[in-house]
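Keep the viewer open as you read.

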Amino acid sequence: MTTTMTETLQHWINNAPFTAEGDTRTGKVYNPATGEVARHVALASKATTEAAIAAAAAAFPKWRDTSLTRRTAIMFNFRQLLAERKGELAAIITAEHGKVLDDALGEVARGLEVVELACNAPYLLKGEYSENASTGVDVQSQRQPVGVSAIISPFNFPAMVPLWFFPVAIASGNAVVLKPSEKDPTAANWLAELFAEAGLPEGVLNVVHGDKESVDTLLNDERVSSVSFVGSTPIAQYVYSTGTANGKRVQAFGGAKNHMLVLPDADLDLAADMAINAGFGAAGERCMAISVVVALENIADELVAKIAERSRKLRVGDGTRGCDMGPLITGEHRDKVAGYIDAGIAAGAEVVVDGRGGSVDADGEGFFLHPTLFDKVTTDMSIYTDEIFGPVLSVVRVESFNEGIDLINASKYGNGTAIFTNDGGAARRFENEIQVGMVGVNVPIPVPVGYHSFGGWKASLFGDQHAYGPEGFKFFTRNKVVTKRWLDPSHGGINLGFPQND
Ligand code: NAD
């Protein structure tokens with residue numbers, strides 16, 4: 001790979017590294033486990049972002065007319081290369097994001113699922129046909145690519161989130177400009193370079209690094225047809241309103257606050273294990289992390305004790321050393337999360353396990369926090385209302401199942417949720433009544449498999465199409481209906497009335 005692990009990571013346009021002569025701005029990319037600046041990343045100006053859009057716009061007409069057979073063959077090559085070299089990508093993720101290596105491999109595996117889905121594009125893009133809709137008239141519905149697709153992704157899944165979108169966009173015949181997070185940008189270049197190696201033509205997948213300036217350029221440029229955004233809710237709202245006001249198709253995935261409801265008949269050891277995995281995996285930096293455990297009062301003491309015991313045993317440190325939990329993304333973010341621990345204590349929550357301090361298995365001054373567990377959290381506290389995006393788990397106690405459902409439904413977010421119970425009737429009611437897009441039953445992180453679609457409700461998604469699966473293909477294509485008659489030739493004569501079928 002020529003573009004990765006260089007001193008200053010450059011953009012990737014037309015299947016080659018692109019250095020913008022006039023741009024002077026760069027961002028720092030840390031190794032969060034040591035706290036050191038590992039490299040810098042170029043930050044694109046408007047003109048540089050426009051160069052990437054121009055490359056995609058130029059590549060689009062030929063790519064959309066490339067046969068399904070050829071497009072799919074390239075996707076299969078990409079899938080094969082990615083499966084063979086997933087270890088390299090996982091190492092890049094761990095080095096820049098900090099999540100432990102096993103977790104990084106899991107991220108790549110979930111991204112790979114979407115590439116495998118995209119290998120089915122010919123099947124998924126098939127249209128519909130009605131013969132003789134009217135006498136001698138046939139009607140077909142066909143899906144066509146939208147054009148240039150912009151993808152703007154967050155730091156927490158530097159490979160998986162881009163992979164939720166670009167394989168589907170490209171398999172559908174679009175050309176892409178990907179703007180990954182500037183905090184861990186290398187995975188995007190690595191993926192684009194691998195796709196080029198798999199045979200993807202120039203300009204079909206471009207990577208531009210940057211911040212608000214390049215996002216705003218993508219949102220305003222009339223050559224961009226669709227925008228897929230993933231990030232925090234305020235920016236998702238901004239992207240959705242700006243992009244749609246400019247006539248673009250937009251899906252903007254926002255933040256989350258995911259609840260796990262534990263009923264008295266649940267296996268409490270299983271529930272405690274799952275609360276740990278889903279609360280502290282990736283140091284809580286997952287949009288599907290569980291951040292609130294909702295416990296029925298009569299089992300809360302026992303459940304809290306089990307979660308606390310497990311939390312204290314977690315090994316925190318450098319993700320390459322077989323630890324359970326790695327660092328947070330930056331020192332600034334670590335301090336913000338620690339500030340929430342102060343706020344929780346000040347607001348009167350009971351801190352059962354305090355994650356500030358403790359030993360870590362790492363060299364240097366990494367951005368670490370240990371797991372924190374709060375009990376007796378109430379819904380007016382900032383540790384409950386805000387998305388913390390760190391290893392802080394809150395327990396809210398409720399008196400009844402109904403109170404638990406009402407609590408979850410009152411949340412402004414609706415990304416993921418889970419119920420732990422052995423009562424099928426209770427689980428069924430939960431599935432039916434809960435106002436959340438992705439629901440787990442005894443499954444704490446219900447991220448759908450590649451052939452279903454991913455998406456939350458309420459402030460967790462702006463736009464109506466979810467990611468990947470059937471909805472992903474819908475998002476990246478437009479329906480066109482062709483009504484046609486081949487002359488018999490029998491001529492019906494002039495009739496100015498609205499066409500009716502007979
Ligand atoms: P973020 O909102 O800070 O950044 C996301 C993207 O927006 C990045 O590419 C960034 O460069 C860009 N950006 C940042 N500030 C901007 C601005 N002012 N104007 C325009 N663009 C801007 O998010 P993050 O911190 O990278 O990621 C964490 C967030 O992402 C969390 O809120 C998490 O819940 C959310 N997330 C949601 C999902 C989901 O599926 N709903 C998945 C992953 C992450």
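In which sense do strand 1 and strand 5 pair, and over how many bridges? Strand 1 and strand 5 (residues 36-42) run in the parallel sense, over 2 bridges. Two strands count as paired if DSSP finds at least two bridges between them. Strands here are DSSP runs of E with at least two residues, helices are runs of H or I with at least four, and both are numbered from the N terminus.

A word on the model. This is a predicted model, where local features need pLDDT of at least 70 and side-chain atom pairs count only at pLDDT 80 or more, while totals for chains, interfaces and linings use all residues. Residues are numbered from 1 along each chain as its sequence is written, and side-chain values use heavy atoms, with hydrogens and water left out.

Now the charges. The structure holds 29 salt bridges. A salt bridge here puts a side-chain nitrogen of Lys or Arg within 4 Å of a carboxyl oxygen of Asp or Glu.

Start with Asp211 and Arg25. Their closest N and O atoms are 2.8 Å apart. This pair links distant parts of the chain, 186 residues apart: Asp211 sits in the loop between strand 10 (205-207) and helix 8 (212-220), Arg25 in the loop between strand 3 (16-18) and strand 4. Arg25 is partly exposed, at 34% relative accessibility. On this scale, buried means under 20% relative accessible area, exposed means over 50%, and partly exposed lies in between (1.4 Å probe, protein chains only).

Next, Arg356 and Asp342. Here the closest N and O atoms are 2.3 Å apart. Arg356 is partly exposed at 33%. Asp342 is partly exposed at 41%.

Lys376 and Glu350 form another salt bridge, with closest N and O atoms 3.4 Å apart. Lys376 is in the loop between strand 16 and helix 13 (382-385), Glu350 is in strand 15, and 26 residues separate them.

Finally, look for a network. Salt bridges link Asp269, Asp273, Lys306 and Arg310.
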